[in-house]
Amino acid sequence: MHIDTITPQRFDELLSDATIPVAHRALWVLLTEVKFNLTDFLSLDVRDATDTTLSAAGASKTGLTEMRISESASVLLRETTGDRTEGAVFMEARTASPGRGRRIAAE
């Protein structure tokens with residue numbers, strides 16, 4: 001198996017690429033900033049996120065229950081959740097997104 005790596009500059013470019021679904025970009029930035037596990041993120045409810053913090057439903061595998069998030073993560077999360085007040089943060093959209101099925105080059 002081959003794993004591509006990307007430069008910080010390329011990562012920033014991908015985070016600002018509007019053709020990539022915002023939920024993907026939000027998850028990417030959270031995975032790099034916050035010490036929760038992937039399952040902690042995928043189980044987040046909209047009510048678990050504020051403009052400055054994320055709260056896990058219970059202690060995560062890392063033992064943390066609340067983590068501060070950056071402004072860029074907050075902006076992407078707000079775009080992801082829109083005007084929803086409850087439900088999963090990372091839910092599958094019911095319509096096709098512009099970036100669906102697109103492979104991202106590491107460059």
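Leaving aside its neighbours within four places in sequence, which residues is Ala88 in contact with? The views below start there, in a predicted model.

**View 1. Ala88 and its contacts.** Beyond those sequence neighbours, Ala88 touches Leu44, Asp45 and Val46, where contact means heavy atoms within 4.5 Å. Ala88 sits in the segment after α4 (71–81); helices (H or I, at least four residues) and strands (E, at least two) are DSSP runs, numbered from the N terminus. Arg47 is 41 residues away from Ala88 in sequence, yet their C-alpha atoms are 8.9 Å apart. With a relative accessible area of 34%, Ala88 counts as partly exposed (buried is under 20%, exposed over 50%, partly exposed in between; 1.4 Å probe, protein chains only).

**View 2. The buried side of α4.** Here you see Ala73, Ser74, Leu76, Leu77, Thr80 and Thr81, the buried residues of α4. They share one side of the helix because they cover an arc of only 165° around the axis, taken from the directions from the helix axis to the C-beta atoms. These buried residues pack against α1, α2 (22–33) and β1 (53–55).

**View 3. Residues 94–107.** Over this stretch pLDDT stays under 50; pLDDT is the predictor's confidence in each residue, from 0 to 100. For the protein, the mean pLDDT is 80, and 78% of residues reach 70 or more.

Residues are numbered from 1 along each chain as its sequence is written, and side-chain values use heavy atoms, leaving out hydrogens and water. Local features need pLDDT of at least 70 and side-chain atom pairs count only at 80 or more, while totals for chains, interfaces and linings use all residues.
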